[in-house]
Amino acid sequence: MFSLPLNSENLPYPDPLHPIIVHFVIAMVFFSFICDVIGYFTRNVRLFEVGFWNIFVAAIAIFIAIIFGQFEAGLAQVYPAVQLTLNFHTLMGWSLGAIVAAITAWRFVLRNRNPLKLPPAYLGVATFLVCLVFLQVYLGSKLFWVYGLHVEPVVEAMKQGISP
């Protein structure tokens, strides 16, 4: 087995990439939702096209974020207090990947049938998706800001055998 040279944050590269990609996905899901809602109420069908392409790219990017998340979670020095939140965050991440892919497929079918109309049921499901994304953001923020995964002082403490 080979071992990667790790930096002070326990990563083989300068900064965690998962949060960068995740923020891209979050922005695209929210922007897609906002465009669809405004397009629905103003009957501006051009916003439906913007909403579709944002959710389409988010569906691709979320799997890249999941891959980096799994890699970085595997390199994190996880202590018992973190485990439950990390497991829930991981489960939510994979679930969101499946949900975003399913919603994008549904949106693709809707767009092909009638690009000028968006049913209220889609907006309801998209609202649910936005709520799940908020929950996932909370869990990810807790892993970094509360538990300090891949934060240098916490990594150093774990290497010295001091468990936070």
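1. Helix 3 and helix 4 are roughly antiparallel to each other, because their axes cross at roughly 155° and angles over 145 degrees count as roughly antiparallel. The model is a predicted one. Helix 3 covers residues 80-113 and helix 4 covers residues 120-146. Their axes come within 9 Å, and the crossing of the two helices is left-handed.

2. The contact of helix 3 with helix 4 is made up of 19 nonpolar, 5 polar and 2 charged residues.

3. Helix 4 also packs with helix 1, at an angle of about 150° and with the axes 10 Å apart. That angle makes helix 1 roughly antiparallel to helix 4. Helix 1 passes helix 4 in a left-handed crossing.

4. On the helix 1 side, the residues that meet helix 4 are Ile 26, Val 29, Phe 30, Phe 33, Asp 36, Val 37 and Tyr 40. On the helix 4 side they are Pro 120, Tyr 122, Leu 123, Ala 126, Thr 127, Leu 129, Val 130, Val 133, Phe 134 and Val 137. The residues of this contact divide into 15 nonpolar, 1 polar and 1 charged.

5. Ser 32 lies in helix 1, which spans residues 18-42. Ser 32 counts as buried because its relative accessibility is 2%, and buried means under 20%. With neighbours within four places in sequence left aside, Ser 32 is in contact with Gly 51, Asn 54 and Ile 55.

Definitions and conventions
Residues are numbered from 1 along each chain as its sequence is written. This is a predicted model: local features need pLDDT of at least 70, side-chain atom pairs count only at pLDDT 80 or more; totals for chains, interfaces and linings use all residues. Side-chain values use heavy atoms; hydrogens and water are left out. Axes are lines fitted to C-alpha atoms, for helices over the stretch in contact, and angles run from 0 to 180 degrees between N-to-C directions. Helices (H or I, at least four residues) and strands (E, at least two) are DSSP runs, numbered from the N terminus. Angles under 35 degrees count as roughly parallel, over 145 as roughly antiparallel, 65 to 115 as roughly perpendicular and the rest as oblique. A crossing is left-handed if the near helix is turned anticlockwise from the far one by less than a right angle, and right-handed if clockwise. Ala, Val, Leu, Ile, Met, Phe, Trp, Tyr, Cys and Pro count as nonpolar, Asp, Glu, Lys and Arg as charged, and the others, Gly among them, as polar. Buried means under 20% relative accessible area, exposed over 50%, partly exposed in between (1.4 Å probe, protein chains only). Contact means heavy atoms within 4.5 Å.
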